[in-house]
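Dear colleague,

I am passing on the structure below, and I would be grateful if you could read my notes alongside it.

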Amino acid sequence: MGIGGGSDMYRQQILDHYKNPRNYGELADPDFSHTGENPSCGDTITVDVRLADDGETIEYVAFSGDGCAISQAAASMLSERLPGTTLSELAEMDREDVTDMLGVDISPMRIKCAVLARQVAQDGAKLYEGDIEDLDVTKTED
Amino acid sequence: MDTVTPKTCYGLGPNHVVMGTQQYALDVESIRADFPVLDRQVGGDVTTPGPGEGDDTPLVYLDNAATSHTPEPVVESIADFYRTYNANVHRGIHHLSQEASVAYEEAHDRVAEFVGADGREEIVFTKNTTESENLVAYAWGLAALGPEDNVVMTQMEHHASLVTWQQIGKKTGAEVRYVELDDDGTLDMDDAAAKIDDDTAMVSVLHVSNTLGTVNPVEALTELAHDHDAYAFVDGAQAVPHMPVDVGEIGCDFYAFSGHKMCGPTGIGVLYGKEAILDEMQPYLYGGEMIRSVTYEDSEWEELPWKFEAGTPVIAQGIGLHAAVDYLEEIGMDRVHDHESALASYAYDRLTEWDDVTVYGPPGEERAGLVAFNLDSVHAHDLSSILNEYGVAIRAGDHCTQPLHDELGAPASARASFYIYNTREEIDALVDAVDEARQLFA
């Protein structure tokens, strides 16, 4: 059978981040920490964020979790991307920003894996800023 | 792959068909000619349905437990209905309506004969297996169950019955129990005998597990239910498409399955129910079609099975299902079963050659035509994405058995499922693609 075009979705960058996750672990003194999951996939992500003295600029990000390559690589890339950006810039990140960051086409069925870390970071920031209350765990299917 | 010795279960009898270097229990080559979709190439743009630019990888369709493909005679039967005698049933005196009514009623007769029911009175057309479950749960369960009763299911139950009886349990106060599994993925029948007791009102079990491939002893479970004056409901969504089923031999009170998993169209399911029980049950949906007479004050119900088919029914789908039954019976359900068993056994053997592959459920010979598995280093969703790059269509996820996956300790699994048109070469393609994924993630 034909080998169709190689594994576009799993380009080297994603596999690299999946196998060698950046900033994996927990921060000692995060300003906020939040967890999310894709119940049907079993993907889980916890994102820890520490802010600069201005209380607005993200200084350090760490993540931990378990799941498919897309969800874990997206979290790893996000942990490199976020430091230096502000909470309002984080709030504005949309789906396209995530797929641009991943640099591959994500099939419609896998998009929730790709956006999980971003959603967790955004919900964590909203909880920190008091924009939402009472959210234990982010669930992407909600 | 040509060096692989055919399994003895392929047999070498008079009905034996050779295709290329392979021997099959049925004529795979001529069957494949009835399914044009199998010649498709995939891999390009998915936002526009149908073949298009970038589709350059041959399709290997191994997701038949989710839905099977539709052979030309079935497509033709539906097209013929719409082209030549489309009309609503049971309400027109005109010619077309009579033709459509006869065809729709005969579809019930044909399905009754196919599964060994006594007649059309025992065959209700629904939307799918899930609706068949809900029909009994609402029409019988809500009225009959109370806090003193229990409903017994199994740990391998599909959400179609699990969620339905779980929620009916919450509404009525009835307790819901699950028969546990042995380590090999078969039912613990001692546990079944312990859980089914004099307070059991319903035993609702899968005939064939859509995840483990286990074929459950539904006759024995029905007997256990009847020993305690409980009803037995068998979910045969993964059984009727793949093996001979006779509801009379099983003895169950209800039996449900779907058209789209057995070469028929989507949008039609079947509920078999013993006539005496259906007769006692009140309707689940009200409206037109299901009434004999109506006044402003009251209504009388139509006779079986129409009492349970409110509104304009699934006419085209029923006619398509009739054609699907004809198609499968012409092949022969014994041969369908033998072909799939051989494929499943081959897939099981090939996948278990690797130490880093976990296959769920009983060994090859005892399973139905599907294999759910996990590769240690690769999440099932990643695996399915990579297989898709090679044109191999499988299912990845929890297959609507989330509690069972919790028991298995895996949030998701990959599942390859086979049908009449699949070949050993396609299983080789699956295994090769799994190996590619392994290397990619190594």
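Predicted model: local features only at pLDDT ≥ 70, side-chain atom pairs only at ≥ 80, totals over all residues.

Residues are numbered from 1 along each chain as its sequence is written, chains are lettered from A and ligands numbered from 1 in the order in which they are written, and side-chain values use heavy atoms, with hydrogens and water left out.

At the interface, 23 residues of chain A are in contact with 19 residues of chain B, contact meaning heavy atoms within 4.5 Å. The two chains bury about 1,700 Å² between them, 58% of it on carbon and sulfur atoms; buried area is the accessible area (1.4 Å probe) that two parts lose on being put together, summed over both. One salt bridge is counted between chain A and chain B, and in it the side chains of A:Arg110 and B:Asp382 meet at 2.8 Å, N to O (a side-chain nitrogen of Lys or Arg within 4 Å of a carboxyl oxygen of Asp or Glu). On the side of chain A that touches chain B, the elements giving two or more residues are helix H1 (12-19) and helix H2 (69-81) of chain A, and H1(A) gives the most, with three residues. Helices (H or I, at least four residues) and strands (E, at least two) are DSSP runs, numbered from the N terminus.

In chain B, four strands form an open sheet in the order E15-E16-E19-E18, with antiparallel pairing, where two strands pair if DSSP finds at least two bridges between them. Its edge strands, each pairing on one side only, are E15 (357-359) and E18 (395-397) of chain B, and the twist averages 30 degrees from one strand to the next. E15(B) pairs with E16(B) (residues 370-375) over three bridges, and B:Val359 has B:Phe373 as its bridge partner in E16(B). Helix H12 (residues 380-389) of chain B lies across E16, E18 and E19 (413-417) of chain B, running at about 160 degrees to E18(B); axes are lines fitted to C-alpha atoms, for helices over the stretch in contact, and angles run from 0 to 180 degrees between N-to-C directions.

Over all chains, a search of the whole structure finds 21 salt bridges. B:Arg120 and B:Glu105 form a salt bridge with their closest N and O atoms 3.0 Å apart. B:Arg120 lies in the loop between helix H3 (95-115) and strand E6 (123-126) of chain B and B:Glu105 in helix H3 of chain B, so this pair ties together parts that are 15 residues apart in sequence.

With best wishes
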